[in-house]
Amino acid sequence: MWRLIFILHAALIFTLAQPGHAATRLVAPATVSDMLQRHLTLDEQVADAQDDMARTTLERRLEKEASELLATEGYFSPSIDLRSSNEGLVLQVDPGTRAKIGTLHIEIRGPLAADRKQMLIKDWALPSASAFSQSAWNEAKQGLLRDLMMADHAAARLLSSQAEVDVETARVDLQLIYDAGPKYRYGEIRVIGLKRYSESLVKRYSEQLHPGDAYQQKDLLAVQAALQNTPYFSSVSVELEHDPLPLETDASSAELPTQPDDETVHVPVIIRLSERAPFNVALGAGFSSNTGARVEGNFRNSDFFGRGWELSTGARVEQLRQGAYADIFLPPDRKQQRDSVGSIVEKSDIQGLGIERVAFAVSRVQLRGRIEQRLGLNWQHEQQSPNGVPSSVNRALTASVGWLWRYADDPLDASEGIVAQLQLGGAAKAVLSDQNFLRSYFRYSQGIPLGKSDGLLLRGEVGITAAPSRQGIPQDYLFRAGGSNSVRGYAYQSLGVQEGSTTLGGRYLLTVSAEYTHWINDQWGIATFVDAGQAADDRKVFKLAQGYGVGARWKSPAGPLAIDLAWGKLDKKVRLHFSLAVPF
């Protein structure tokens, strides 16, 4: 035992006597400290603290590395000193004065319009008097080139760039020369990769590409996005041909680099596609505090009748509602209008009101910028069975028009952006309907960021069905409120016209909501909210039901998930509101 202790003790003394790792400590201003700490190699094994050669080698290396790093941030005259202290080696860094941009000379050669040239130079991202850094310099050079290539001049290039540094005055003079190259126009449209579908189907989604029109990068991106969003293709690439021909040059002798700058080039557009299998089956299950547990299935055929029509049919079974549907969507026409026809059979029993309905509809949807316009014609046959009341039948042939405006970067995230929806529709007794009515509905929501971790969500909806009475009008054209996405604290569709134990739809609707959310991290947040609303058949007895509560928010991969605990002031009850869907 004593021998073992002696050996361990001797080993410890030997280890302590050996030269170790001297961790070099950095002392520098906060403006550069983090950058130097990340990139400098500050841990160096020094054989002997008194070894002048090792010390000199280390000092030269650190000085070289630090100087090069500081230069990338515009510090060209730093003071760097390596000294000894009781705690080891200390690297003292004084970055000096940061260089700023002095003179700026940008030359753009080629047949570029004067006003566009002035605009490009005006928007240069690194103007005089701004701080210089290598990353900002590189990004500014490439940014102007990208802007130049976005329209007309797809072959633009940067010929030369020079940053001349004056160390004494801490100034950097910039000089750049660009070549705009020839003006590009679209040539023929070539589609590659089609096997099942016809070329005419692709051209329905690429109407903005006309041979002879001036090249715009946004046109190619728009066509690529439109084709990618269809059910027909799994991958899409839309680009110019790499070796375009000059407008008035023979193909056998054409070489792009030798073309005069003032020539116009016709550029073939290549659309490369990979087709997706036409059939798709999707299954799913979920739970909602509105309608309970559910299972659903969907079948899609994107080449119905071999004409590129999209068939979507399926069924959904919920605790309170069950239904089956079938829709056929036609490809868009030359005006980017997309027509569809569909039908649905549905049965529900919500708040004491049993409904069995059959509906057939035709619609036309057109996207105009951020606004989606929808025209529709819908015929509906509905049988109502309120608790304790004989059944009745309501029929309506309704013409409608609607607009949906989205101003949001992420359509799945309502915490930032604006969504507004307006619908108008009506029916007449003279045309297959049991009642004359005109229905209008408006919904608005806006997310307002409040700093990095907080946000305010405002929401409201107004609905009016102008009619002699609600008798003879299907429930789809009347209004009920309550539940998730409406007035929390009340059961789903429990706010409306009360007849015994049944809640019926009324001709008037008003709901408002304000919700404040604090995000704990990138995925989880907590919220507090106030809701108020009501649906009624008489504006004189319109009394808003109020709800208050708190909730949790989760930014799931499928979209935001909300779990809310709400108090209904009118009912004096606490209710849980949430929804969860799981595809498989």
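Buried here means under 20% relative accessible area, exposed means over 50%, and partly exposed is in between (1.4 Å probe, protein chains only). Before going on, note that this is a predicted model: local features need pLDDT of at least 70, side-chain atom pairs count only at pLDDT 80 or more, and totals for chains, interfaces and linings use all residues. Residues are numbered from 1 along each chain as its sequence is written, and side-chain values use heavy atoms, with hydrogens and water left out.

So what is around Q380? The residue sits in strand β19 (residues 371-386). Strands (E, at least two residues) and helices (H or I, at least four) are DSSP runs, numbered from the N terminus. Leaving aside neighbours within four places in sequence, Q380 is in contact with R357, V358, A359, N394, R395, A396, P474, D476 and Y477, where contact means heavy atoms within 4.5 Å. With D476 there is also a side-chain to side-chain polar contact at 3.5 Å. That term covers a pair of N or O atoms within 3.5 Å; within protein, one must be able to donate a hydrogen and the other to accept it, and residues adjacent in sequence count only if both atoms are side-chain atoms.

Now zoom out. The protein chain has seven helices and 30 strands, and buried residues make up 38% of its 584 residues. Take the contacts between residues at least 6 apart in sequence: 57% of them join residues at least 24 apart. The accessible surface comes to about 32,500 Å², with 55% belonging to carbon and sulfur atoms; these areas come from the Shrake-Rupley method with a 1.4 Å probe, and for residues only the protein chains shown count as cover.

Next, follow some strands. β27 (residues 524-536) and β28 (residues 545-556) run antiparallel, joined by ten bridges, and G533 has A545 in β28 as its bridge partner. Two strands count as paired if DSSP finds at least two bridges between them. β28 also pairs with β29 (residues 559-568), again antiparallel, over ten bridges.

β4 runs antiparallel to β5 (residues 88-94) with seven bridges between them, and I80 stands opposite V93 in β5.

Finally, the nonpolar cores. Such a core is a set of buried Ala, Val, Leu, Ile, Met, Phe, Trp, Tyr and Cys residues joined through side-chain atoms within 4.5 Å. The largest has 24 residues, and those with the most contacts inside it include L220, L227, F233 and I271. Elements giving two or more residues to this core are β9 (183-192), α6 (199-204), α7 (217-228), β10 (233-240) and β12 (264-275). The largest share, five residues, comes from β12. Apart from this core lies another, of 21 residues, among them I106, L112, L120 and Y178.
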